Amino acid sequence: MITYILLLILFFILFLPLFLKRIERNIEVFFFVMAIMTLILAHIFGTEPAFSLKLVWTSIIAPVKLVIATLVFGLLFKMYRKPLEKEILYIERSIGTRLFSALLILFLGLVSSVITAIIAALILSEVISILGLDKKYESRLVILACFSIGMGAALTPIGEPLSTIAIVKIKGTVNNTDLLFLIKLLGPYVFSGLILVSTAGFLLKGKKVKKINSLTEDFSETFKDTAIRALKVYVFVMSLVLLGGGLKPLVENHISKLSGPLLYWINMLSAVVDNATLAAAELGPHLSLPQIRGILMGLIISGGMLIPGNIPNIIAAGKLKISIRTWAKIGIPMGLILMSLYYVMLFIK
């Protein structure tokens, strides 16, 4: 019975935010309420107690590093934003738009695991706003850069909610889940992906246009915005840790029995659902390394295909007013190409 209850809850968690705007606008509160509900039901109907002081304590401390990084780098970005604008324009004019775009994609992918995917997306939005290139070119550049940010941010626990949740959920395995665990597990695949996406960015062609015909941020960040965003990240990650605890029976009894390749393709669902949510639902200490790698790579890649799939997509699309249709035209083909290439790399020996 507990399996059917948890599957129903998971269905609501995955799809209600897609159809109800009020939930989408208050996603952190929604996840917190659903996490508590999941734990209560798992505690009542499950064979083992779902609530524990260890789980509560983990949910409190797990988001701290990510939130601190988001807050600190957000404030630094706010302070040095204006002086950087002239430098960005000078570099772009010196090396040319195509090389600049490729290096921007690569750079943001590499640093996102340190400055967080959120700050990388804010930097991307700022850079795009001052370039003054045609909207079609800039939209493609943003989407490729968000693929890069999503991949790079997964390499450390402070990079994004996905990686934070991953480390929390797979603790207890025979593997040492230290700061370098994700780099060791995913590093070669992520770095090759960053090169591939950057090369695609180099092949793009754009032209200078009047400011009105290029993408522009809808508003500038304030210190209040930075603080509120950090608080939302804290509640979001805390809720996902609690949710993962409630969904533990589903992971141990069913998901852990699925093969790495199957989990990889199932996670194309991440295109329409935030990939950290799926990570909380699927990962657990009973999974093997190939299963964990398959889950994470599937989530990381398909998370870039549509706007709801990843935090940098949501931030960049919102600030630069990129439509879902525009994103899908580039994101879906690029995602399918990457998914196919990585399937061969991961599972075809």
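Which helices each supply at least two residues of the lining of the largest pocket?

What you see is a predicted model, where local features need pLDDT of at least 70 and side-chain atom pairs count only at pLDDT 80 or more, while totals for chains, interfaces and linings use all residues. Residues are numbered from 1 along each chain as its sequence is written, and side-chain values use heavy atoms, with hydrogens and water left out.

Let's start with the whole chain. Its secondary structure comes to 17 helices and 0 strands; these are DSSP runs numbered from the N terminus, with helices being H or I of at least four residues and strands E of at least two. The radius of gyration is 20 Å, close to the 20 Å from the globule rule for 349 residues, so the chain is as compact as a globular protein of that length. That radius is taken over C-alpha atoms, and the rule is 2.2 Å times the number of residues to the power 0.38. Along the principal axes, the C-alpha atoms fill a box of roughly 65 × 50 × 35 Å. Of the 349 residues, 55% count as buried, meaning under 20% relative accessible area with a 1.4 Å probe, protein chains only.

Now, back to the pocket. The helices are α1 (2-19), α2 (21-25), α3 (27-45), α7 (117-131), α11 (223-246) and α16 (311-320). A pocket here is an open set of points on a 1 Å grid over the protein atoms alone, where a 1.4 Å probe fits, with protein on both sides within 12 Å along at least five of seven lines; lining residues have an atom within 4 Å of a point. The largest one has a volume of about 1300 Å³, counted as the space filled by probe spheres set on the points, which are joined across faces, edges and corners. Its lining has 35 residues, and Glu24, Ile27, Glu28, Ile314 and Ile315 lie nearest the centre. By type, the lining divides into 22 nonpolar, 2 polar and 11 charged.

Let me finish around α16. Leucine 320 sits in that helix and counts as buried, at 2% relative accessibility. Asparagine 310 lies in the loop between α15 (289-302) and α16. Is asparagine 310 buried or exposed? Buried, with a relative accessible area of 2%. Beyond its neighbours within four places in sequence, asparagine 310 is in contact (heavy atoms within 4.5 Å) with Gly150, Glu160, Asp274, Asn275 and Gly303.

Conventions:
Nonpolar A, V, L, I, M, F, W, Y, C, P; charged D, E, K, R; others polar. Buried < 20%, exposed > 50% of the residue type's maximum accessible area, 1.4 Å probe, protein only.
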